[in-house]
Amino acid sequence: MDFSAITVLCLGDVMLDRFLYGSMDRISPEAPVPVLLLDSRREMPGGAGNVASNIISLGGRAVLVGLSGQDEAGACLRATLAEKKRLVDATVQSAARPTICKTRFIAAHQQVVRVDEESHAPIAEPEQEALCRQIDAHIGACQAVVVSDYGKGVCTPAVLAHLFRVARQAGVPAFVDPKSTDYTRYKGATCITPNAKELAAASGMPVDTAAHVEAAASKVMAQADAQAILATRSEKGMMLVQREGKVLAVPARAREVFDVSGAGDTVIATMALAVGAGMSFEQGMRVANAAAGVVVGKLGTATADIQEVLHELEEQSGPDEVPHLLPLSAACAQVARWQARGLRVGFTNGCFDIIHPGHISLLAEARSACDRLVVALNTDASVRRLKGDTRPVNSLESRAAVMAAIRYVDAVVAFDEDTPLELICALMPDVLVKGADYRPEQVVGADVVQAAGGRLVLANLQQGHSTTSTIGRIRNT
C-alpha cells in the first residue's frame, strides 16, 4: 500500500495540542483538588493539523491551510509544522485571532483536565480571502481534499463554497469531517464522515440501529448532494451509505481503548489517501477502519503509520474456522491488500460440487485474466435451493478444501444467498469471470464491477463436462 505519490490539501481549524504529563499523589492545601507534579510535556499539531500528520504518517504528502495567531502558541505550532517532511505549511497568520490551543493534563495514563484557548469571533473577510488564495495556489498539485471543520471559524460558507468549486473543477474528491448540523453548507462534498452523535444531530433522527443509521445518512446525504456518507459508530464500527451502490458496514475489532482523541482525523485522512490513490469507497473504508483501530489504542492525539495499518488489516482477518475458507472480513482485507499493491483481483463463483476438466479450464482462463483469483462457493443450503435436495454431493468444507488446492486459485470464500451480488459489492474485484454460456447482461454483478472501472470476462467452456453428467455416469456404473 503506497501513498507516496498522493498529496492531500487539508483545510480547517488548525490547533496546537499540548500534553502535560505528571503524577498525582497528594491534595493541594489551598483547595480540595489534586496536585499534578509535572514530569514532561509534548506539543503537536491538532485539528486539521492532526489530519495532515496522519496523511504524512501513512506515507502521503499534505498541504495544510488554516489560521494561526501571532503569539507564542502560533510560533510553537509553526515550529512543529516545519519539522514535518512532506508537509507544506500554507497556514495564514492572523493578527486579530489567537492560535487555538488545547492543553491536556495527563496523570497515570488518564486525562484529568483540558484547558482551551480560542476566539469565538467570526473570521474577518481579509482572512477568508487569504485562505482562498492559498487553496488556489495548491489545489493543482493535490489528488484529494479534506475539510476538517471543528466549528472554530475557518470553515465559513464562503471558504467552503470556494474550495468545493475549485476541487470540482480540478476533478479532486473532497472529504468533510463535519461540525455543523446544516449539511447544505457542505454542498459539493464527495464524502462526509460524521460520527453517530453528529449524524443524529444533523438528521434529527435516531441512530441506534444499522437501519436507523442508513436512514439518517440518506437524509443528510441528500441535503449535501454528496456521493457518500461514512458514519463512524465507535465500538460498532463503520457504515458506508452511498448514493449509488449498496450499504456496507465493517465491525470494529475489540481492543483496550486508551484515547479516542483524533480517531476521526485518522479516518478521514485514510479515506482521502485511499480514494485519491484510486481505491473505491468500500476499500478505503476498510483501510480507514484498520487505521482507526490503531490510533484508539494509543494515548493522546495519535497517528498510524502504514505498517501498523497493514498489520491491523491482518489482525482483523482473525482465525479461520476452516483454514482454506476465508470469512468475509478476511477476504475483504486480503483483496484490499492485493489491490493496494497494484494487483488485479479476479472473481468467479459457482457450486463446484464435483471438480472436472471443465472447471479447471475455466479457473485457468480466469487466472490468466488477473493477478489474484478469488473463487466464491455457494453454501450447501444455497446449492440445495438451486440444484435440489440431492445436491451438493460434497459439503462446503470439502469443496473449499479441493478448490483451495488448485494452483489457479488464491482465495476461497462462500455465500449463502442465491447470487453472489452482495459478496461482489463487498470485495469489488477488478475482473469478474463467468462462463461463455452467459450473456453479459445475465452476469450478476457485472454492472457493479464495470461501473467501478473493472471488466467482465466470459471464459470459454470445455464441452462434454458437467457435474450432472458425472453424477449420471456414477449412477449407471
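Entry 1: I looked up Gly 346 first: its bridge partner in β17 is Leu 373. The model is predicted, so I kept its limits in mind: local features need pLDDT of at least 70, side-chain atom pairs count only at pLDDT 80 or more, and totals for chains, interfaces and linings use all residues. Residues are numbered from 1 along each chain as its sequence is written, and side-chain values use heavy atoms, with hydrogens and water left out.

I then took the strand pair as a whole. β16 and β17 (residues 372-378) run parallel and are joined by six bridges. I count two strands as paired if DSSP finds at least two bridges between them. Helices (H or I, at least four residues) and strands (E, at least two) are DSSP runs, numbered from the N terminus.

Next I followed the chain from β16 through helix α11 (residues 357-368) to β17. The three make a right-handed β-α-β unit. Right-handed here means that, with the strands pointing away from the viewer, the path from the first strand over the helix to the second runs clockwise.

I checked the two faces. Val 345, Phe 347 and Asn 349 are buried on one side. Gly 346, Thr 348 and Gly 350 are buried on the other. In a regular strand the side chains alternate between the two faces of the sheet.

**Entry 2: β19.** β16 also pairs with β19 (residues 431-435), in the parallel sense, over two bridges. I found Leu 432 of β19 as the bridge partner of Phe 347. β19 is mostly covered, with five of its five residues buried.

From β19 I moved on to β20 (residues 455-459). These two strands pair in the parallel sense over five bridges. Gly 435 has Ala 459 in β20 as its bridge partner. With helix α15 (residues 446-451), β19 and β20 make a right-handed β-α-β unit.

**Entry 3: the four-stranded sheet.** I turned to an open sheet with the strand order β3-β2-β8-β9 and mixed pairing. Its edge strands are β3 (34-47) and β9 (110-117), each pairing on one side only. The twist averages 20 degrees from one strand to the next. Axes are lines fitted to C-alpha atoms, for helices over the stretch in contact, and angles run from 0 to 180 degrees between N-to-C directions.

Inside this sheet, β2 (residues 14-27) and β8 (residues 100-107) pair in the parallel sense over eight bridges. Asp 17 stands opposite Lys 102 in β8.

Notes
Buried < 20%, exposed > 50% of the residue type's maximum accessible area, 1.4 Å probe, protein only.
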